[in-house]
Amino acid sequence: MQRAQDGDQRAYRLVLRALVPVVRVRVRRRIFDDVLAEDVVQEVLMTLHRLRHTYDPALPLMPWVSAIVSARSVDALRRQGRSRGREINREETLDGAIDPVAAAAFEAIGAERELAGMLNLLPERQRQMIEMVKLQEMSLDAAAQESRLSVSAVKSLLHRAIVRLREHGKQTHG
């Protein structure tokens, strides 16, 4: 390790190759999750690289490495514990955690946008008849009076609008 501290790249590679299996075993003694254990092994190796200048060659190497393994393992377990306390990873749990009022509001907004998009496909008169009769629930007579059309003209406009919307629905939704 002293040669690695002095800048000998070959010695540094040899030290790392020798340490990786030992570090991996020591990490797996503390962490049972394979993915998290590999992350900790990588963190230990990065810490060894970053702090290699602090190692005193007069002292044994393994206690220094073990202290780093211990610190990185504890850090990882603390992070994991904190994230488990705050995060929801399962879909069914997430569905229950969503505010039902907010979810209904988002669905309503989506439906309104879709409806507005579909109504924009219609000519002005057909769109007005759909709005009056279907959305505002006006009677055919009231819609005819409001638009100054006959009842049969209102029915015809409604029929053509509905046919056009059905055709659009078949094209877009199959």
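Predicted model: local features only at pLDDT ≥ 70, side-chain atom pairs only at ≥ 80, totals over all residues.
Tutor: Local features here need pLDDT of at least 70, side-chain atom pairs count only at pLDDT 80 or more, and totals for chains, interfaces and linings use all residues. Residues are numbered from 1 along each chain as its sequence is written, and side-chain values use heavy atoms, with hydrogens and water left out.

Student: What makes α-α-α-α-α-α-α-α-α the pattern of the chain?

Tutor: Helices (H or I, at least four residues) and strands (E, at least two) are DSSP runs, numbered from the N terminus. The chain has nine helices and zero strands, and reading along the sequence gives that pattern.

Student: Why are A143, A144 and S147 called buried?

Tutor: Buried means under 20% relative accessible area, exposed over 50%, partly exposed in between (1.4 Å probe, protein chains only). Those three are the residues of helix 8 (residues 140-147) that count as buried.

Student: What puts them on the same side of helix 8?

Tutor: The arc, taken from the directions from the helix axis to the C-beta atoms. They cover only 100° around the axis, so they share a side of helix 8. The face turned away from that buried side carries exposed D141, Q145 and E146.
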